[in-house]
Amino acid sequence: MECAEKMSEEKIITSLLTEKRVFPPPPAISKKAWVKNMAQYREMWKESIEDPDKFWGKLVDSITWIKKPTKIWDDSKFPPIAQWFVDGKLNTTYNAIDRHINEGKGDKVAIYWEGDDPNDTRVLTYNDLLEEVCKFGNVLLKAGLKKGDKIVIWLPMIPELVITMLAAARFGIIHSVVFAGFSAGAVKDRIIDSNARILITADGTFRAGKKIPLKEKVHKLLEETPSIERVVVVKQVGLKTPMKEGRDTWWHDEIKNQPTECVYEEVNAEDPLFILYTSGTTGKPKGVIHTTAGYLIYAAYSHKIIFDIHEDSIFFCSADIGWITRHTYIVYGPLLNGATEVMFEGVPSYPSFERYWEIIEKYKVNIFYTAPTAIRLLMKEGEELPNKHDLSSLRILGSVGELINPEAWMWYYQVIGKEKCPIVDTWWQTETGGIMITPLPGATPLKPGSASRPFFGVKAEVLRDDGTPAAPNEEGYLVITSAWPAMLRGVGQNPQRFQKTYWDRFPGKYYSGDGAKIDKDGYIWILGRLDDVLKVSGHRMGTMEIESALVSHPAVAEAAIVPKEHPIKGHAIFAYVILKKIITPTDDLKKELKNHVRGEIGPIATPDEIYFAADLPKTRSGKIMRRILKAIVNETDVGNITTLANPQIVKALWEDYQLRK
Ligand code: WTA
């Protein structure tokens, strides 16, 4: 009932519902594309669902094995756990680097790295990458790390990030990357949660020309993380950094005399490759576990098909969102495909709002993959800026992380793609490992704002609250009913939480947490999260985490976080705060609370607005009704309030909001 109410309260972007335009794939794109038309898509999709053994079996030879699998998948424990390429043995890094070198592509550029400062650039060929990975791999070996151990990486978008991930994967060491924009506290939590032995970080990071310290911030907290034996620090910005004797060393000193070759370890198909923490409705962020072979094959294949990657493609994924997008479509997908990619340290607005367009022109980028929040930000700056640049190398544009409204879609299509580049609006999640719903550039006619159709191996449905299928155009809950190779295998060491979060809401089906509808042509329209998860500039955050951060401040008694629709960020963060009795509400306190959240979680979680309230709408059992607060700040219908313990507060809060806005 509560969920049904929540759903009816969801504010749907009305323009999405009335969107009627359709854009067929440009013939020049279809001609070259791996999937050339809808008939081919349909046939392949049908096979992928009806005969996964055959479909994924054909992809076994897309990677190199130490021992080839004899079993494509094992569904004996599905749902929730399907295992893929089960008895195969392989090595991730071999497939991402060595294999291409052995095929004579060692001198091909793997990464064009572009720093925050446009004059700061690096180029790494596949040969270079192997040398660097081996040097750092030898450091890990020397430190005594072995298969199954865990490392935490807190690095900015610099090549050492990729090098560390691949060095770990070379030995079956499990990496857990923490977004550089998160706080040191988040790093500490993840170290403790995963029992990591080594932390790899930097003295700091550049952001829009500013030097932001990293190591210094985490230094003291490392006294509380006994599992950490070593800290390796990359000198990135030249900040003075505290170093603990015997534990902390500099990256450049460590790798100085290391051999540029190293062995690699045999890893089982289902051994974990990485853990990535993400926000959910309850509790602290959860560690989503991805394993090796299924994830890798899905990452490489989805990258190749959806972005139509060919030998000469130059791919640029701007994901400043340091999260799953970076893992799958900056590290594993492109490198497994032996592609050339651009990796960017900075932000789209520095030194000017032309930065992305400069990068595309400079490296002759063919495929550009970014988030709607960036598109909206750049759209606001006008079309004169992109029009100053030669963007003619572009073939395909991509969008990820949140809803792209048709206005932003059209701008991206017309101004950036000059109506020649299909837009792949890709829907997926940390948990899914790779893109799940997306157009295919050479095949799918595009409808602005729709992620269109499921990728191969993916069967998506929209259900009503009672689990029956929704009718065409009826809003409901998005679920996945098939098993796919890159699906998560668990969260932390907690099978109950895994089962409850994803598989119990609609028994046996993967519940995404998103609302959606399917139109009469079979196009899926994502409508946003139905749970207490926010998307702020594409970053995923739980209301609960921000509330816990607020409540950890001595002045705060209770807090409720609600998303307010925001023209650029998607969601802005609104915080309702009840102060402890003796505390006086002041503007200075608001500032202090904002800073407090910033320090606890990171700048991205900073509330945009704080409202002090005497009381909040609650159920009779004392649960704060966030949906009502959300309706107040978004000025939508508050719905039924008769079941509240204190219905009178709603009117007061509504009036107060109207007065203050
Ligand atoms: C949202 C990001 C609309 C969605 C890859 C999902 C999207 C959450 C899209 C996962 C899209 C992602 N259109 N919404 N194309 N892509 N989302 O785990 O709400 O950081 O549940 O993974 O982002 O966020 P996550």
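How many bridges join strand 16 to strand 17, and in which sense do the two strands run? In this predicted model, three bridges join strand 16 to strand 17 (residues 340-344), and the two run parallel. One of the residues involved is Ile 314, whose bridge partner in strand 17 is Thr 340. Strand 16 is also joined to strand 18 (residues 367-370), again by three bridges and with the strands running parallel. Here Phe 315 has Ile 367 of strand 18 as its bridge partner.

The side chains of strand 16 (residues 314-317) can be read against a general rule. In a regular strand, side chains alternate between the two faces of the sheet. In strand 16, Ile 314 and Phe 316 point one way, whereas Phe 315 and Cys 317 point the other way. All four of these residues are buried.

An open sheet of eight strands has the order 12-11-8-6-7-14-15-23, and its pairing is mixed. Its edges are formed by strand 12 (248-250) and strand 23 (490-491), each of which pairs on one side only. Within this sheet, strand 6 (residues 150-154) and strand 8 (residues 198-202) pair in the parallel sense over four bridges. Val 152 has Leu 199 in strand 8 as its bridge partner. Helix 8 (residues 159-170) lies across strand 6, strand 7 (174-177), strand 8, strand 11 (230-234) and strand 14 (272-278). The direction of helix 8 makes an angle of about 175° with strand 6.

The other open sheet has four strands in the order 21-22-24-25, with antiparallel pairing. Strand 21 (460-463) and strand 25 (524-529) are its edge strands, and each pairs on one side only. From one strand to the next, the twist averages 45°. Strand 24 (residues 510-518) is joined to strand 25 by five bridges, and these strands run antiparallel. In strand 25, Ile 524 is the bridge partner of Ile 518.

Attention now turns to a pair of helices. Two packed helices are described by the angle between their axes and the distance between the axes. Helix 12 (residues 293-306) and helix 13 (residues 324-336) pack at about 85°, and their axes are 8 Å apart. Because of that angle, helix 12 is roughly perpendicular to helix 13. Helix 12 contributes Tyr 295, Leu 296, Ala 299, Ala 300, Ser 302 and His 303 to the contact. These meet His 327, Thr 328, Tyr 329, Tyr 332, Gly 333, Pro 334 and Leu 336 of helix 13. The residues of this contact divide into eight nonpolar, five polar and no charged.

Ser 302 counts as buried because its relative accessibility is 0%, below the 20% cut-off. Apart from neighbours within four places in sequence, Ser 302 is in contact with Phe 307, Tyr 329 and Phe 455. The C-alpha atoms of Ser 302 and Thr 241 are separated by 41 Å, the two residues being 61 apart along the chain.

Tyr 329 leads on to the aromatic residues. The whole structure holds 53 aromatic pairs. In one of them, Tyr 329 and Trp 428 are arranged edge-to-face, at 5.1 Å centre to centre and with 85° between the planes. This pair links distant parts of the chain, 99 residues apart: Tyr 329 belongs to helix 13, and Trp 428 to the loop between strand 20 (423-426) and strand 21. Tyr 329 and Trp 428 are both buried. Phe 498 and Trp 503 form another edge-to-face pair, at 6.2 Å centre to centre and with 70° between the planes. Phe 498 is classed as buried because its relative accessibility is 3%. Trp 503 is likewise buried, with a relative accessible area of 1%. Ring pairs also link residues into a cluster whose members include Trp 56, Trp 65, Tyr 298, Tyr 301 and Phe 455.

Among the buried residues of helix 17 are Trp 409, Trp 411, Tyr 412 and Tyr 413, together with Pro 406 and Ile 416. After helix 17 comes Lys 418, whose phi is positive, near 50°.

Definitions and conventions. Residues are numbered from 1 along each chain as its sequence is written. This is a predicted model: local features need pLDDT of at least 70, side-chain atom pairs count only at pLDDT 80 or more; totals for chains, interfaces and linings use all residues. Side-chain values use heavy atoms; hydrogens and water are left out. Axes are lines fitted to C-alpha atoms, for helices over the stretch in contact, and angles run from 0 to 180 degrees between N-to-C directions. Angles under 35 degrees count as roughly parallel, over 145 as roughly antiparallel, 65 to 115 as roughly perpendicular and the rest as oblique. Contact means heavy atoms within 4.5 Å. Ala, Val, Leu, Ile, Met, Phe, Trp, Tyr, Cys and Pro count as nonpolar, Asp, Glu, Lys and Arg as charged, and the others, Gly among them, as polar. Buried means under 20% relative accessible area, exposed over 50%, partly exposed in between (1.4 Å probe, protein chains only). Two strands pair if DSSP finds at least two bridges between them. Rings of Phe, Tyr and Trp (its six-membered ring) pair if their centres lie within 6.5 Å; planes under 30 degrees apart count as stacked, over 60 as edge-to-face and the rest as tilted.
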